[in-house]
Amino acid sequence: MSPTPEPTPARLRAIPSRLLAGITIVADRLVGERLAAEGAHKWHFAVLAALSETGAASQAGLSRRTGIYRSDMVAVLNDLAAAAYIHRAPDPADRRRNVITLTPAGSRRLERLEQLIADAQQELLAPLTPGQRDEFTDLLTVLHEHHRPPHPGAPAGP
C-alpha cells in the first residue's frame, strides 16, 4: 500500500505555471497511452489533421503547419506512408520536392485517432462542467497564441 501523499504547500498550489506543468504531464500521458495502444503518436495525428484540414502539402509546408521539425518529419511521413495513410508524389512544379496527400485509409485513421484523443480529453477534463471546459479551452488558447513562438522554419517578418 502506498503512503498517503503529503499535502502540497499553498504557495505551490497558487503558481499557475506549476499547475499547468503538472496537468501537461497528465494530458501527455493520457493522449500518448491511447495513441500508443493503436500504434500511433501525436505527430501522426498532427500530420493527418493538417492534411485533412488544408489539403496536400510539401514536407516543409507540413513542418510549418504542425510545428514538427523537418528532420523529424521524414520519420513521421515514412511511418504514415508505410501504412498507406498518406501518398507522396513528386511535385509537378518542382521535381525536387514531394507533395503529400491524405489517402482514404488516412482519413479513416484520423477519425480513429480523433476519437482516442477525445476520450483522453474526457478523462482529463472530467471534473469540469461543459461550460468550464469551453472557458478553460478559450483561456488556454489566448495564452497559447500570446506566447507561441514562430516556427523555426517560418520566414521572418509579417
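The chat below covers one histidine, some helix contacts, the sheet and the core.

Q: What kind of model is this, and how are residues numbered?
A: This is a predicted model: local features need pLDDT of at least 70, side-chain atom pairs count only at pLDDT 80 or more, and totals for chains, interfaces and linings use all residues. Residues are numbered from 1 along each chain as its sequence is written, and side-chain values use heavy atoms, with hydrogens and water left out.

Q: OK, where is histidine 44?
A: Histidine 44 is in helix 3, residues 42–54. Helices (H or I, at least four residues) and strands (E, at least two) are DSSP runs, numbered from the N terminus.

Q: Is histidine 44 buried or exposed?
A: Histidine 44 is buried, as its relative accessible area is 7%. Buried means under 20% relative accessible area, exposed over 50%, and partly exposed in between, with a 1.4 Å probe and protein chains only.

Q: What does histidine 44 touch?
A: Not counting residues up to four places away in sequence, histidine 44 touches Gly39, Val76, Asp79 and Leu80. Contact means heavy atoms within 4.5 Å.

Q: At what angle do helix 3 and helix 5 cross?
A: The axes of helix 3 and helix 5 (residues 70–82) cross at roughly 80° and come within 10 Å. Axes are lines fitted to C-alpha atoms, for helices over the stretch in contact, and angles run from 0 to 180 degrees between N-to-C directions. The two helices are therefore roughly perpendicular to each other. Under 35 degrees counts as roughly parallel, over 145 as roughly antiparallel, 65 to 115 as roughly perpendicular and the rest as oblique.

Q: Which residues meet there?
A: From helix 3, Trp43, His44, Val47 and Leu48 meet Asp72, Met73, Val76, Leu77, Asp79 and Leu80 of helix 5.

Q: And helix 4, how does it pack on helix 3?
A: Helix 4 (residues 59–66) packs against helix 3 at an angle of about 105°, with the axes 10 Å apart. Helix 3 contributes Ala46, Val47, Ala50, Leu51 and Thr54 to the contact, and helix 4 contributes Leu62, Arg65 and Thr66.

Q: Changing topic: what is the strand order in the sheet?
A: The order is 1-3-2, in an open sheet of 3 strands with antiparallel pairing. Two strands pair if DSSP finds at least two bridges between them.

Q: Which strands are at the edges?
A: Strand 1 (57–58) and strand 2 (86–91) are at the edges; each has a single partner strand, so one side of each has no neighbour in the sheet.

Q: How many bridges join the strands?
A: Strand 1 and strand 3 (residues 94–102) are joined by 2 bridges, and strand 2 and strand 3 pair over 6 bridges. Serine 58 has valine 99 in strand 3 as its bridge partner.

Q: What links strand 2 to strand 3?
A: A hairpin joins strand 2 to strand 3 through 2 residues.

Q: Last one: which residues have the most contacts inside the largest nonpolar core?
A: Val47 and Leu62 do, in a core of 27 residues. A nonpolar core is a set of buried Ala, Val, Leu, Ile, Met, Phe, Trp, Tyr and Cys residues joined through side-chain atoms within 4.5 Å.
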